[in-house]
Amino acid sequence: IWAAEFIRKHVHPAAAVTVQLRNNPVNPTRNSNYDSWIAFFRHCADRYPVKFILICARSEVDPRLKELRNLVIAKDFGTSVEQDLALIEAAHVHMGASSGPAIMALFSSKPYCIFNTDIKPTLVKRFTHEGRRIRFFFSAPLQNWIAGEETPELLTAEFDRLWTAAATTLRTEAR
């Protein structure tokens, strides 16, 4: 109920898409490419009826993100990790870093794409591979992990795939 109210108050009438970014100086191998994400958010601003809800630690909020009108920074509202997870559950789509909170999307039915993963296909049996995309055997076709660093073009291409599915769901909900 809390997450639905947050979305109604801070996102509506746009569609809610959660994005988790990561910037951990102790373990930087899976950190998000902030320049690519910012370019992606700017690209989406006038193209999609979406508001992105940024989920990350307060220390991971790049000041440039505050300039984006299609982005709501959850930590600006004092969210806890539990509330961030509730936002992932309530959103239409999830995108972002290969990090702990992404597990909330992993075991859901919602479309998601996790970037810059270091998951080794040999660690989990029965991965499905489609180019750079991998997914668990129990995942739906629009529930993917991407090996390698994000670029604006990659983020846009993956979001276009996810948005097509989300837009269909949104039209059905609106009826």
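Let's start with a term: a nonpolar core is a set of buried Ala, Val, Leu, Ile, Met, Phe, Trp, Tyr and Cys residues joined through side-chain atoms within 4.5 Å. And buried means under 20% relative accessible area, with exposed being over 50% and partly exposed in between, using a 1.4 Å probe and protein chains only.

Okay, some ground rules. What you see is a predicted model, where local features need pLDDT of at least 70 and side-chain atom pairs count only at pLDDT 80 or more, while totals for chains, interfaces and linings use all residues. Residues are numbered from 1 along each chain as its sequence is written, and side-chain values use heavy atoms, leaving out hydrogens and water.

So, the core. The largest one has 32 residues, and Phe52, Leu65, Met95 and Phe159 have the most contacts inside it. Who supplies it? At least two residues each come from strand 1 (15-20), helix 2 (34-44), strand 2 (50-55), strand 3 (71-73), strand 4 (93-97), strand 5 (112-117) and helix 5 (152-174). Helix 5 gives the most, with 7 residues. As a general point, nonpolar side chains in soluble globular proteins tend to be buried together.

Let's zoom in on Met95. Contact here means heavy atoms within 4.5 Å. Skipping neighbours within four places in sequence, Met95 is in contact with a list that includes Trp37, Phe40, Phe115, Leu155 and Phe159. Trp37 and Phe40 are among the buried residues of helix 2, along with Tyr34, Ser36, Ile38, Phe41 and Cys44.

At the start of that helix, a side-chain oxygen of Asn33 comes within 3.2 Å of the backbone nitrogen of Asp35. That's a polar contact: a pair of N or O atoms within 3.5 Å, where within protein one must be able to donate a hydrogen and the other to accept it, and residues adjacent in sequence count only if both atoms are side-chain atoms.

Asp62 sits in the loop between strand 2 and strand 3, and it counts as buried because its relative accessibility is 17%. A polar atom of the Asp62 side chain is 2.8 Å from the backbone nitrogen of Arg64. Not counting residues up to four places away in sequence, Asp62 touches Tyr34 and Ile38, both on the buried list for helix 2.

The other is Arg133, in strand 7 (residues 133-135). Its relative accessibility is 18%, so Arg133 counts as buried too. Which side chain does Arg133 join through a polar contact of 3.0 Å? That would be Glu158.

Next, Ile88 in helix 3 (residues 81-90). With 0% relative accessibility, Ile88 counts as buried. Its C-alpha atom is 8.3 Å from that of Pro101, 13 residues apart along the chain. Ile88 also touches Ile55, Met104 and Ala105, among others, not counting residues up to four places away in sequence.

A cis peptide bond joins His12 and Pro13, with omega at about 10°. Look for Pro13 in the loop between helix 1 (2-10) and strand 1.

Notes. Helix = DSSP H or I, 4+ residues; strand = E, 2+ residues; numbered from the N terminus.
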